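This briefing goes through one structure by topic. Sequence and coordinates come just below.

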Amino acid sequence: MVNSKIKIVDFGLGNFKQRIMTGDDNWTITYDIFNECKQLYKNKLSQEDSEIVDIISYKLKTDDKMPWEVDNSEKHFLKNNPTELWCEYLIFRYKLRVYPSLKKVIDFPVYLLIEPVSVCNLRCVMCFQVDKTFTKKPYMGVMKLDLFKKIIDEAVQGGTKAITLASRGEPTMHKKLGEMLDYASGKFFEIKLNTNGTILTEKLCHTILSSGVNSLVWSIDAPKKELYEQIRVRGNFDEVIDNIKMFNEIKEKYYSDSPILTTASGVMFREDQDIDEFNNFFKKIADQVALQPCEERWDTYFNEVQPDINNPCMYLWERMYIWFDGICNPCDVDYKSYLETGNINEKSIKEVWHGEVYTKLRDDHLSDKRSNWNPCDRCGIQ
Ligand code: SF4
């Protein structure tokens, strides 16, 4: 049954926003270091990229800061990759982190979230997979390998630098996930995989570690069996922890140099989720630990309309989702694709990104008319 609650929920957690509790460090980039990287890349700079490099240089010189707050994953990338790559990487991160706030439409999306499957084996209480009108056709399905390869080829050619393999479903349920990872291997700065960790195999651990996945997110919300299994319905806490330990052992034994960054990531929405307990438990088995507030997305369409929220949604400039069947969407809050922006079986990524629906969505969001769109009119993301 679908709940009917408003989008912004007060869980009594004070001003809890997001906490990355481990993995923080003080590593930073300086003007001199950036200048050296710039020299290594200067012959390859387009006009647009040159302008970005100038902005970064200026900001480092005058404020000793980057134009955005460099996060842990960015520090991790820089520390684990040769300086020859830094300039190009930071240009990409500028486009991903700064362009959306400037509402600048990039020529080609630098970040794609590609969904191998829309099916999930769990029924987490805060997820749209509990919406029974969703967990059936036409919404449920598996991406064909040929379509995946077509998307990857186009993405590489167009200039995508980061992909996430996940969206509405559990990616490890795709029987050819290994082949997908192998195909994408070495083609992007960032390959991220989100998983609930329930059905991991030794073989898949090897594939993840050998194919250049550099960010692996364990979706897990509690360090105790009873609470975990109340939230992640159908999940078995002991099996998941054993799987994470198996992954860590394989990594240590066969891929000790792997720069993969693992994150134990939880959704915070119950008062009995103890932040310190979560941190202390998961920091022993993951590189970093993160908790974020719950978005009440499982019943997005049934949320009350929120006329007070009228700011443009950054997702429209930042990323694009591609579902298993080729449908493109600006987000997975809209898990039934009311906002469908096109289909990759009929149009190119670039055509969809600059197409009529995306353009109208952006225009409306910029002119206080996001309420023209369901579910933007009842969604808290800005
Ligand atoms: S406002 Fe919400 S529903 Fe609309 S595009 Fe953004 S995330 Fe999706």
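**Burial, contacts and local geometry**

W86 counts as buried, because 20 C-beta neighbours lie inside 10 Å of it. The model is a predicted one. Its mean pLDDT is 90, and 92% of the protein's residues reach 70 or more. Over residues 1-22, however, the pLDDT is below 50; beyond near neighbours in sequence, that stretch has 44 contacts in the model.

**W86 and helix α4**

- W86 is part of helix α4, a helix that covers residues 86-97.
- Apart from neighbours within four places in sequence, W86 is in contact with C37 and L78.
- W86 and I381 are 295 residues apart along the chain, and 31 Å separates their C-alpha atoms.
- I381 is one of the residues that surround the ligand.

**Packing of α2 against α4**

- Two packed helices are described by the angle between their axes and the distance between the axes.
- For helix α2 (residues 47-63) and helix α4 (residues 86-97), the axes come within 10 Å and cross at roughly 90°.
- On the α2 side the contact involves D49, I52, V53 and I56; on the α4 side it involves C87, L90, I91 and Y94.
- By class, the residues of this contact are 7 nonpolar, no polar and 1 charged.

**Ligand surroundings**

- The residues around the ligand are C313, Y315, L316, P330, C331, V333, D334, L339, P375, C376, C379 and I381.
- This shell divides into 11 nonpolar residues, no polar ones and 1 charged.
- P375, which belongs to the shell, is joined to N374 by a cis peptide bond with omega of about 20°.
- P375 sits in the segment after α14 (356-366).

**Backbone exceptions**

- Most residues other than glycine have a negative phi, and most peptide bonds are trans.
- Besides the bond between N374 and P375, a cis peptide bond joins K137 and P138, with omega of about 5°. P138 lies in the loop between β2 (111-114) and α6 (145-158).
- K103 is not a glycine, yet its phi is positive at about 60°. The residue is found in the loop between α5 (99-102) and β2.
- K103 counts as partly exposed because it has 13 C-beta neighbours inside 10 Å.
- S337, a residue other than glycine, also has a positive phi, near 60°. Its place is the loop between β9 (327-329) and β10 (342-343).
- Is S337 buried or exposed? S337 has 20 C-beta neighbours inside 10 Å, so it counts as buried.

**Helix α10 and the loops on either side**

- V233 is located in the loop between α9 (225-231) and α10. With 13 other C-beta atoms within 10 Å, V233 is partly exposed.
- Not counting residues up to four places away in sequence, V233 touches L122, R123, C124 and V125.
- V233 and V130 are 103 residues apart in sequence, while their C-alpha atoms are 9.8 Å apart in space.
- E249 is found in helix α10 itself (residues 237-254). E249 has 12 C-beta neighbours inside 10 Å and therefore counts as exposed.
- From E249 to L45 the C-alpha to C-alpha distance is 42 Å, at a sequence separation of 204 residues.
- P259 is in the loop between α10 and β6 (261-268). P259 is partly exposed, as 13 other C-beta atoms lie within 10 Å.
- Which residues does P259 contact, leaving aside its neighbours within four places in sequence? The contacts of P259 are N80 and N214.
- The C-alpha atoms of P259 and D146 are separated by 29 Å, and the two residues are 113 residues apart along the chain.

How values were computed. Residues are numbered from 1 along each chain as its sequence is written. This is a predicted model: local features need pLDDT of at least 70, side-chain atom pairs count only at pLDDT 80 or more; totals for chains, interfaces and linings use all residues. Axes are lines fitted to C-alpha atoms, for helices over the stretch in contact, and angles run from 0 to 180 degrees between N-to-C directions. Helices (H or I, at least four residues) and strands (E, at least two) are DSSP runs, numbered from the N terminus. Two residues are in contact if their C-beta atoms, placed from the backbone, lie within 7 Å. Ala, Val, Leu, Ile, Met, Phe, Trp, Tyr, Cys and Pro count as nonpolar, Asp, Glu, Lys and Arg as charged, and the others, Gly among them, as polar. A residue is near a molecule or strand if its C-beta atom, placed from the backbone, lies within 6 Å of it. pLDDT is the predictor's confidence in each residue, from 0 to 100.
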